[in-house]
Amino acid sequence: MKKFKLILPLVAAMLFSCDNYLDVNTNPNQVTYSGLQPKDLLSAAQTNTFRTQATTMNELGNVFMNSWAANVASFTGGFANEYQLNINNTFYNGIWDGLYRGVNNFQLISQYPNPDGVYDYYIAVSKICKAHYMQYIVDLYGDAPYTTAFLGTANTTPSYNDDQFIYRQLISELEQARTLIANADPAKVEDIAAVDTMLGGDMAKWTQFANTVELRMLLRMSNSTGAVATYRDSKLATLPQNFVTADVTINPGYAGVSPTAAQANPFFNTFAYSGGTATQNWTFICMSGHAYKFLRNNAASNGTDVVPGSGTVYPGIADARAGRLFRGTLKGVTQGSNLVDVPSSGTPARMGYGLLNPYIAQPEPVAFISDLELMASNNGFVMTLSESAFLQAEAAVRYPAIFSGASSNFNTGIDASFARLGVASAATAAASYRTSISAKPGLGWTASTTDDLKIKAIMTQKWIALMGVHGVESYIDYTRTGYPVTPLATTAPAGLRKPYRLIYASSEYVANSANVPNVSTADVFTINTTSPFWLQGNPALGN
């Protein structure tokens, strides 16, 4: 695999093409600013970086959070490394390589010559996107190349920066972006609507997105003390409370299956159909037994511990979202089992239409292939309204002197999830569900009478709301809070827990060996100086 630092700016445009959005007819070996403008890079940068979030990152999170399992009715040995916690420098290394490729393009835009302010919107959007994606590098790996990481062939072996420093720099970039948007001269600034595949050039929405990304970053530090806590509190006190109010989607012109596979929504193209043919993932990935027992009223598991001795039990509530998250007769596979075992043998449920297209009506469509082609052109989800609402709910619980509306945002997060998944009579179904969970501590709001139970309820509901679509966010929430309580696979080695971090990608050990930090397998499962800074100094979270 080619090292990300040797990849020239147009690699994103070469990897993906959706009509004119990404049609850049420039020799990638002769790239100059005079021949390549921000309008030529923005769509490609947005689209290709989202591909990593929607596919590799999403799969990692859904497997680690025990939402997805391997379909043992059709495959053997599936997800063996994930189940057995075999973490090495090839484990999901597409996350590292994919994010750095994308962030490189945002960096190119943000440093484009802009003496008269004509590119203020391009630069602001690129800074916001850079912060959104670079945050995950820190959250999953800790220290990383930053100040010298985006110099191309001028520096192919960049040094590593302290991850806390990177976080602060990213928050500074978010602040700079908001300032650029607020102060842009409407008589000079170039409209980006034609090439902004995410928010269509709506700068008010970009400001909301920037605020929400910053809130997420500051909440990562919620258990930090000392100088980190002082910094966090100062930023929370001045953060504009104007957050995302609708799903942040992306669509550069995604097309149905018929034209080319590369033009389909990358989530769809990876997990469902590619070029008119079912992908292996369409059959391979199925509902986990844990997800089944959590989302269904199952007599055999209701009231039993999710993890032995945890005191967190399966709720015994039928969640209407289950039939949109998964399709077919709902059956699951316990991670590590060689049988379809929950609640009984048969064919396990696979990814549902709610994930492929939240706007398609119940029941499942009859014209299967033609409807799948429609799904291939559906929007991708960069950040859902549910995520924004649950972040605000958490902030209100942890920092009531600054934020309010914990319960209302909690309810909004649930309601938005039902709506996004296309649950029949979504508003009524969501209200009924909220009533059914109200008496269950750590799941519903009314019975969650302590701050810890409220955080537990928020994280558990956030996990359900992001299941399938943004699994990595729930996994990172788990590493910092211990919630939602989630079982390991039955084949996981005794004494281990889910990793606190990943090991740097093999590309780093090949091309940047003098600088890449030494991270052992033991470091992955221990909070120490190699862990993301917002974990350091905190007690082990268990589970």
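Which residues does K127 touch, not counting residues up to four places away in sequence? K127 touches S110, E173, Q176, A177 and L180, where contact means heavy atoms within 4.5 Å. This is a predicted model, in which local features need pLDDT of at least 70 and side-chain atom pairs count only at pLDDT 80 or more, while totals for chains, interfaces and linings use all residues. Residues are numbered from 1 along each chain as its sequence is written, and side-chain values use heavy atoms, with hydrogens and water left out.

K127 lies in helix α5, residues 120–141; helices are DSSP runs of H or I with at least four residues, numbered from the N terminus. K127 counts as buried because its relative accessibility is 11%, buried being under 20% relative accessible area with a 1.4 Å probe and protein chains only. The side chains of K127 and E173 make a polar contact at 3.1 Å, that is, a pair of N or O atoms within 3.5 Å, one able to donate a hydrogen and the other to accept it.

The largest nonpolar core has 170 residues, of which M134, W206, F209 and F326 touch the most other members. To this core α5 gives the most, with 15 residues. Such a core is a set of buried Ala, Val, Leu, Ile, Met, Phe, Trp, Tyr and Cys residues joined through side-chain atoms within 4.5 Å. Among the residues that W206 touches are V125, I128 and C129.

Elsewhere, 13 of the 14 residues of helix α15 are buried. Over the chain of 543 residues, 61% count as buried.

Terms used
Helix = DSSP H or I, 4+ residues; strand = E, 2+ residues; numbered from the N terminus. Buried < 20%, exposed > 50% of the residue type's maximum accessible area, 1.4 Å probe, protein only.
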